[in-house]
Amino acid sequence: MITQANFHPARWLRGSHVQTILPNLLRPRHSIPLRRERMELPDGDFLDLDWAPNADGPLVILFHGLEGSSRSPYAAGLMHRLHDQGFQALTMHFRGCGGEPNRLPRSYFAGDTGDMAWVVEQLTQRFPERPVAAIGVSLGGNALLKWLGETGNASPLSAAVAISVPFDLDKAARRMEKGLSRLYQGYLVGRLKRSTQAKCSRMALPIDCTNLPGLRTFREFDDAVTARLHGFKDVDDYYGHCSCRQYLRGIQVPTLILHAVDDPFMSPDVIPTEAELSSSVNLELARHGGHVGFMEGWGSYWLERRVPRWLQGSLATGA
């Protein structure tokens with residue numbers, strides 16, 4: 001089902017770039033104390049989880065976006081609000097995103113469902129009496145929706161929320177090569193290159209590290225680095241296998257997707273049609289909101305109200 005989101009920004013906040021940039025500048029990055037837990041992975045690598053203070057409600061795991069972390073303003077805001085509503089919130093950092101480089105040549109990518117599946121399995125064993133929900137943001141949202149579609153009725157999650165998802169990775173990457181979106185691309189690709197260069201200095205990688213300085217776009221970086229590190233033939237093979245749009249009809253868990261038509265990280269044609277959604281998915285579209293923005297006014301962030309409220313209504317034993 002596709003419905004209109006009940007998001008109404010102030011007039012001065014209706015620009016897509018204003019919505020994308022201002023929340024990152026104005027939101028606090030530290031809102032509640034977090035406890036770090038390191039989880040050792042079966043392949044010899046590790047993941048870092050940041051836990052909000054103890055609460056008795058359902059577990060809600062946040063999967064961040066590209067180069068994000070629990071310190072990202074949207075993550076800090078959501079973690080704080082979820083904690084206030086009685087949920088046990090935590091952020092799972094993708095490999096290398098917790099502030100310390102991961103141990104293996106591989107990193108993380110938009111279809112990286114294995115680590116989230118392993119973490120959810122560990123947590124459901126640790127807290128068998130609690131329902132578990134998940135929130136995926138941008139890249140993390142793509143991976144989450146892909147995993148939900150792959151697992152169908154076998155999903156261990158009770159509910160899920162995905163925010164500002166690049167449903168079609170190829171179209172999203174090509175959109176980032178146009179207009180002012182190139183500024184976001186330059187910033188993020190720059191961060192990815194620096195992380196990869198640092199890894200090149202520590203270990204042998206199955207890529208040509210001397211080519212890193214010349215990579216300018218997501219497609220170039222994903223072809224030369226992401227695809228090679230994670231077993232894909234090339235960028236088109238990577239995008240083709242990992243775009244979540246093709247998996248949406250398989251989702252059987254109650255799932256809310258929040259998306260803005262003016263998201264500068266992607267063009268409107270990435271948005272799936274109602275026929276592509278399963279009956280368990282509700283896609284709420286807003287005319288404005290930018291990329292993970294949804295700022296209503298000074299100090300007012302719609303995501304921090306909409307997400308906990310929807311989770312409370314979707315989880316039978318809510319907070």
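**Terms and their grounds**

Reply: Leaving aside neighbours within four places in sequence, Ser 278 is in contact (heavy atoms within 4.5 Å) with Met 1, Leu 248, Arg 249 and Ile 251. The model is predicted: local features need pLDDT of at least 70, side-chain atom pairs count only at pLDDT 80 or more, and totals for chains, interfaces and linings use all residues. Residues are numbered from 1 along each chain as its sequence is written, and side-chain values use heavy atoms, with hydrogens and water left out.

Me: Why does Ser 278 count as buried?

Reply: Buried means under 20% relative accessible area (1.4 Å probe, protein chains only). Ser 278 has 6% relative accessibility and therefore counts as buried. Its place is in the loop between strand S8 (255-260) and strand S9 (281-286).

Me: What makes H3 and H4 roughly perpendicular to each other?

Reply: Angles of 65 to 115 degrees count as roughly perpendicular. The axes of helix H3 (residues 114-126) and helix H4 (residues 139-151) cross at roughly 70° and come within 10 Å, so the two helices are roughly perpendicular. Met 116, Ala 117 and Val 120 in H3 meet Gly 140, Ala 143, Leu 144 and Trp 147 in H4.

Me: Why does the end-to-end distance of helix H9 agree with the span it should have?

Reply: The expected span is 1.5 Å times one less than the number of residues. For the 12 residues of H9 (residues 303-314) that gives 16 Å, and the end C-alpha atoms are 16 Å apart, so the values agree. Among the buried residues of H9 are Leu 303, Val 307 and Trp 310.

Definitions and conventions
Helix = DSSP H or I, 4+ residues; strand = E, 2+ residues; numbered from the N terminus. Buried < 20%, exposed > 50% of the residue type's maximum accessible area, 1.4 Å probe, protein only. Axes fitted to C-alpha atoms, helices over the stretch in contact; angles between N-to-C directions. Parallel < 35°, antiparallel > 145°, perpendicular 65-115°, else oblique.
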